[in-house]
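Please read them with the structure open beside you.

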Amino acid sequence: MKKIAVIGSKGFIGKHIVWYLQQQGYRNISCYDCIETEEANYTKIDMTDPESVKQIQLEVDYIFLFAGLTGTYAGFEKSDAYLDINERGLLYLLDYIRKSVHRPKIIFPSTRLVYKGVDKPLKEEDEKETKTVYAVNKLACEGYLYAYRQSFGIPYTVFRICLPYGNLLEGDYSFGTIGFFRKMASQSKDITLYGGGTMKRTFTHIADICEQIVGVSMMEQSDGEIYNVGGETYSLREVAEMVAKLFGTNVVSTPWPEKDLHIESGDTYFDDTKIRQLLGGYQYHSLKEMIK
């Protein structure tokens, strides 16, 4: 049975990865995060401290690195923290592995925000544009992984994720955009959308994210590759209207705040051909059915 480490096991995607691995029968899972807990097979670590990073067990087959800061404008306000956690943390881990005899495969989540927005399905090799510190962090980390694989043979796979939704665990119904829509509508408030919400995105249920990431990561041919995580494409307005209809509320257009307009990526939705070729006839969860 494979040995697995999950760093960031208390974050939204990280905790789902742990749960999904357990459902698939994996039992030898070591978990790491920055919070205190008395759970078994868990170690508190600080990814900004190279000595703390050395607590991570390297005698494993896979390291799922899902620790980090997310957000758009916040990265400008807290650029030092974003650099420390999102980039230096990975570099400390890579350097730790480089100096060891072990070569676990690193599974790394990237983002739609590395792409230059355009109204077409984006392929992995399409033009990049980094309008936020977070996007710069992610694109830099993709480069670090490539460099350390070239020089030191450290395997990796990168997964670019667009908009996750849903929940397989107790707690909030959904993460991110749909979670915001649902929160507003459930309080009988109108859902507000900058510029009318015409921007298109790929929406992926968390179950599909877990299945794609875990399944493809464990394929030998995924080493050194980058994949767009597949899902269903809708405009933000289309999704907001589905949620608003369910709660009997409205969708309202509001002007863009200047600072948000500067960092808006436009249409960013994925061509998932590359990952589908590995998954075969995989069927994504239906967003319409999940909202119902």
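1. In this predicted model, the axes of H4 and H5 cross at roughly 10° and come within 9 Å. H4 is therefore roughly parallel to H5, since angles under 35 degrees count as such. On the H4 side the contact is made by Tyr82, Leu83, Asn86, Glu87, Leu90, Leu91, Leu94, Asp95 and Arg98. H5 contributes Val133, Tyr134, Val136, Asn137, Ala140, Cys141, Tyr144, Leu145, Tyr148 and Phe152. An α-helix has 3.6 residues a turn, so residues three or four places apart point the same way. Keep that in mind when reading the two lists.

2. Just after H5 comes glycine 153, with a positive phi of about 70°.

3. Which residues of H5 are buried? They are Val133, Tyr134, Ala135, Asn137, Lys138, Cys141, Glu142, Leu145 and Tyr148. Note that the list includes Lys138 and Glu142. Among the elements that cover these buried residues are helix H3 (74-77) and helix H4 (79-98). The cover also includes strand S5 (105-111), strand S7 (156-161) and strand S11 (225-228).

4. Next, the sheet of 7 strands. This sheet is open, its order is S3-S2-S1-S4-S5-S7-S11, and the pairing is parallel. Strand S3 (42-44) and S11 are the edge strands, each pairing on one side only. From one strand to the next the twist averages 20°. H7 packs on this sheet, where it touches strand S4 (62-65), S5, S7 and S11, and its direction makes about 160° with that of S7. H5 lies across S5, S7 and S11 and runs at about 155° to S5.

5. Strand S1 (residues 4-7) is covered on both faces. Ile4 and Val6 are buried on one side, and Ala5 and Ile7 are buried on the other. In a regular strand the side chains alternate between the two faces of the sheet. S1 runs parallel to strand S2 (residues 29-33), and 4 bridges join them. Valine 6 has cysteine 31 of S2 as its bridge partner.

6. How many disulfides are there? The count comes to 0. A disulfide is a covalent bond between the sulfur atoms of two cysteines. For cysteine 31, the closest cysteine sulfur is that of cysteine 210, at 13 Å, which is too far for a bond. Cysteine 34 is in no disulfide either: the nearest cysteine sulfur belongs to cysteine 31 and is 14 Å away. Cysteine 31 has a relative accessible area of 12% and is therefore buried, the limit being under 20%. Cysteine 34 counts as exposed because its relative accessibility is 52%, and exposed means over 50%.

7. There is also an open sheet of 3 strands, in the order S8-S10-S12, with mixed pairing. Strand S8 (163-165) and strand S12 (232-235) are its edge strands, and each pairs on one side only. The twist here averages 40° from one strand to the next. S8 pairs with strand S10 (residues 200-205) in the parallel sense over 3 bridges. Leucine 163 stands opposite phenylalanine 203 in S10.

8. Two helices lie across this sheet's strands. Helix H7 (residues 206-217) lies across S8 and S10 and runs at about 80° to S10. Helix H8 (residues 236-247) lies across S8, S10 and S12, running at about 85° to S12.

9. Is lysine 123 in a helix, a strand or a loop, and where? Lysine 123 is found in the loop between strand S6 (121-122) and H5. With a relative accessibility of 40%, lysine 123 counts as partly exposed. Leaving aside neighbours within four places in sequence, lysine 123 is in contact with Tyr115, Asn228 and Asp271. Glycine 197 lies 74 residues away along the chain, and its C-alpha atom is 23 Å from that of lysine 123.

Methods:
Residues numbered from 1 in each chain as written. Heavy atoms only, no water. Buried < 20%, exposed > 50% of the residue type's maximum accessible area, 1.4 Å probe, protein only. Contact = heavy atoms within 4.5 Å. Disulfide = S-S within 2.5 Å. Pairing = 2+ DSSP bridges. Axes fitted to C-alpha atoms, helices over the stretch in contact; angles between N-to-C directions. Parallel < 35°, antiparallel > 145°, perpendicular 65-115°, else oblique.
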